[in-house]
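Q: I would like to go through this model with you, one topic at a time. Could we begin with the helices and then turn to the sheets and the pocket?

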Amino acid sequence: MSQRKRSKGLGGSQFSTQMTDGEDDFIPTQVQRQSQDQVNQKVSELVQFLLVKDQKKIPIKRADMLKNIIREYRNAYSEIVKRADRTLQEVFGLQLVEIDTKRHIYILINNLPRAEGQHLCRGKEKEKMGLLLVILSFIFMKGNSVKDSALWEFLHLLRVYPGKQHSVFGDVRKLVTEEFVRQKYLETTPIPLTDPPEFKFQWGPRAEKETSKKDVLNFVAKMQGKDPAFWASQFSEAEASQANT
């Protein structure tokens with residue numbers, strides 16, 4: 001009230017109204033600016049967090065993003081994640097993709113155009129990714145699902161032995177059944193009523209996002225010096241899959 005009286009003495013009620021409105025606008029603007037600076041910081045922290053996780057291709061849980069980075073800015077979660085994703089795409093050529101909508105699990109995939117034969121391969125992981133591509137090809141060519149015994153037999157033909165330490169791949173069984181599965185390149189499903197227990201391998205959600213059946217079929221065709229259409233069933237499936245993406 002005292003503010004209003006002083007304002008009237010300086011030139012009437014209109015001046016008082018303008019001053020009051022100006023002050024009301026000014027204060028929230030300062031608060032908003034500070035809040036936006038903090039959101040910007042969270043975006044930067046989230047980008048770094050996601051890049052570190054991606055080095056080992058570890059799937060990222062929304063709960064971990066909230067707990068470790070977002071914290072008290074939960075109400076700005078969507079904005080922070082969208083801006084972090086945009087930064088990853090524009091700067092690093094990576095895209096944040098949700099692969100499990102129930103448990104809210106994400107992965108980063110390579111969003112850059114891929115030259116022929118460079119599927120899934122980045123940096124030091126090239127040798128492992130080469131083996132993975134061979135495994136994904138075998139699974140696809142065998143009807144999208146193979147028993148573990150069939151996969152081990154196939155790897156034996158390539159002189160990659162699950163029971164022995166490999167000079168490049170290390171413990172092959174652990175690489176295939178643990179690392180590739182944890183990274184969501186492969187999925188395993190137990191086969192009921194088997195003794196000893198058996199399971200089957202299928203493509204995982206990361207493989208579905210980072211490559212395609214058409215890419216894999218082209219890879220197989222190139223390795224065997226044949227036209228992809230030679231495998232009529234797989235060719236038809238690959239074309240249909242490509243049309244749906």
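Q: At roughly what angle do the axes of α9 and α10 cross?
A: This is a predicted model. In it, the axes of α9 and α10 (residues 232-243) cross at roughly 145° and come within 8 Å.

Q: Which residues make that contact?
A: From α9, the contact is made by K213, K214 and L217. On the side of α10, the residues are Q234, F235, E237, A238, E239, S241 and Q242.

Q: And how do the residues of the contact of α9 with α10 divide by class?
A: Four are charged, three are polar and three are nonpolar.

Q: Now the largest pocket: what volume does it have?
A: The volume of the largest pocket is about 230 Å³.

Q: Which elements give two or more residues to its lining?
A: Those elements are α5 (126-141) and α9 (213-224). The residues that line the pocket are V134, S137, F138, M141, F154, L158, F219, V220, M223, Q224 and W231.

Q: How many residues of each class does that lining have?
A: The lining has nine nonpolar and two polar residues, with no charged ones.

Q: Changing topic: in what order do the strands of the sheet with β7 stand?
A: The order is β4-β8-β7, in an open sheet of three strands with antiparallel pairing. β4 (146-147) and β7 (186-191) each have a single partner strand, so one side of each lacks a neighbour in the sheet.

Q: Which helix packs on that sheet?
A: Helix α6 (residues 148-157) packs there, touching β4 and β8. The direction of α6 makes about 70° with that of β8.

Q: How many bridges join β7 to β8?
A: Six bridges join β7 to β8 (residues 198-203), and the two strands run antiparallel. T188 has F201 of β8 as its bridge partner, and E187 stands opposite Q202 in β8.

Q: What about the hairpin of β7 and β8: which residue takes a positive phi?
A: L193 does, with a phi near 60°. The hairpin has six residues between the strands.

Q: What is L175 in contact with, leaving aside its neighbours within four places in sequence?
A: L175 is then in contact with K128, L131, F169 and F180. For K128, the separation from L175 is 47 residues in sequence and 8.6 Å in space, C-alpha to C-alpha.

Note on methods
Residues are numbered from 1 along each chain as its sequence is written. This is a predicted model: local features need pLDDT of at least 70, side-chain atom pairs count only at pLDDT 80 or more; totals for chains, interfaces and linings use all residues. Side-chain values use heavy atoms; hydrogens and water are left out. Two strands pair if DSSP finds at least two bridges between them. Helices (H or I, at least four residues) and strands (E, at least two) are DSSP runs, numbered from the N terminus. Contact means heavy atoms within 4.5 Å. Axes are lines fitted to C-alpha atoms, for helices over the stretch in contact, and angles run from 0 to 180 degrees between N-to-C directions. On a 1 Å grid over the protein atoms alone, a cavity is a set of points where a 1.4 Å probe fits but cannot get out, and a pocket is an open set with protein on both sides within 12 Å along at least five of seven lines; lining residues have an atom within 4 Å of a point. Grid points are joined across faces, edges and corners, and a volume is the space filled by probe spheres set on the points. Ala, Val, Leu, Ile, Met, Phe, Trp, Tyr, Cys and Pro count as nonpolar, Asp, Glu, Lys and Arg as charged, and the others, Gly among them, as polar.
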